[in-house]
Amino acid sequence: MPSSKTRSDGTFPQGTAVGHTVGHMRVAAVIPALNEAGAIADVVSRVPRDLVARIIVVDNGSTDATAEHASAAGATVVRETRRGYGWACRAGSAEAADCDAVVYLDGDGSMAPEDIASLIQPIVDDVADVVCGRRPAFASLMPWHQRAGNRVIALLLRMHGLRLAELGPFRAIRVTTLTALDLPGSRFSWPAQMLARAARHGARVTEVPVGYAQRAAGTSKVSGSVRGSLHAAWDISRVIVAERVRP
Ligand SMILES: Nc1nc2c(ncn2[C@@H]2O[C@H](COP(=O)(O)OP(=O)(O)OP(=O)(O)O)[C@@H](O)[C@H]2O)c(=O)[nH]1
Ligand SMILES: [Mg+2]
């Protein structure tokens with residue numbers, strides 16, 4: 001029987017697939033962070049340590065004390081010189097190669113690290129390989145352009161047979177699946193490319209509800225402005241289409 005109990009050493013008793021024995025799951029939390037000194041310590045310290053063996057904050061050349069605060073709160077800090085959310089995710093994922101599953105969450109305090117439990121559960125139970133956090137019925141907290149962009153991207157992902165409510169930034173993936181996808185670095189398109197390739201590889205993709213709040217501190221780098229949203233949505237849409245026509 002699948003179990004949701006965790007162990008004190010940060011491993012998760014893995015769900016039993018038919019004909020397989022029960023193993024142990026090490027989970028890493030990867031947090032891309034660019035100038036998030038006002039929020040990062042709280043995010044890191046709220047990550048449930050009984051579920052998560054490694055907390056990896058990827059700093060992309062912050063000019064504030066993000067790295068110092070993350071490290072003081074107990075995270076491993078990785079530095080990536082190529083600027084962009086996707087490059088940061090890629091660097092954090094490489095650092096998490098010794099784990100069995102990776103959860104990505106933002107460093108701005110807009111996500112509840114406590115939700116990692118429900119995000120990882122379908123992987124532990126071996127009913128999914130990729131799990132997307134679905135924010136509450138389209139978070140009225142998001143500006144209209146962010147909501148619109150997200151909706152368009154969700155519709156485009158149908159090209160890959162995926163029916164998701166949105167492309168949220170809170171996600172979990174099995175490391176064997178992630179390795180098979182061989183994702184390149186990018187500015188914004190990492191999550192969409194992950195989903196498109198996962199669908200193509202026949203990975204099991206599911207959604208679970210997660211909470212959402214306004215960023216706790218600092219300034220938006222992506223969808224806080226119409227320009228940022230448009231840029232991200234364009235980049236992401238191009239990649240979704242390119243993945244569809246790729247031989
Ligand atoms: N390492 C790294 N992290 C980034 C980069 N751009 C954004 N981030 C981080 O990625 C996460 C998402 O960026 P946000 O600025 O919160 O974007 P958003 O969620 O669309 O905007 P908000 O509404 O302000 O929350 C945050 O943790 C950022 O610090 C980057 O170039 N490098
Ligand atoms: Mg944010």
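These legends go with close-ups of a predicted model. Local features need pLDDT of at least 70 and side-chain atom pairs count only at pLDDT 80 or more, while totals for chains, interfaces and linings use all residues. Residues are numbered from 1 along each chain as its sequence is written, with chains lettered from A and ligands numbered from 1 in the order in which they are written.

View 1. Helices (H or I, at least four residues) and strands (E, at least two) are DSSP runs, numbered from the N terminus. Of the 247 residues, 49% are buried (20 or more other C-beta atoms within 10 Å of a residue's own; exposed is 12 or fewer, partly exposed in between; C-beta atoms are placed from the backbone).

**View 2. Helix H8 runs over residues 226-245.** Buried here are Ser229, Ala232, Ala233, Ile236, Val239 and Ile240. Down the axis of H8, these fall within an arc of 135° (taken from the directions from the helix axis to the C-beta atoms), so they line one face of the helix. Over on the other side, Arg227, Ala242 and Val245 are exposed.

**View 3. The buried residues of H8 pack against helices H5 (144-156) and H7 (190-200).** Contact means C-beta atoms, placed from the backbone, within 7 Å.

**View 4. Ligand 1 is surrounded by 20 residues.** Each has its C-beta atom, placed from the backbone, within 6 Å of the ligand. The closest are Asn60, Ala88, Ser220, Val222 and Ser223. Strand S2 (24-33) and helix H3 (85-95) are the elements giving two or more residues to this shell.

Note on methods: Expected span 1.5 Å × (residues − 1). Contact = placed C-beta atoms within 7 Å.
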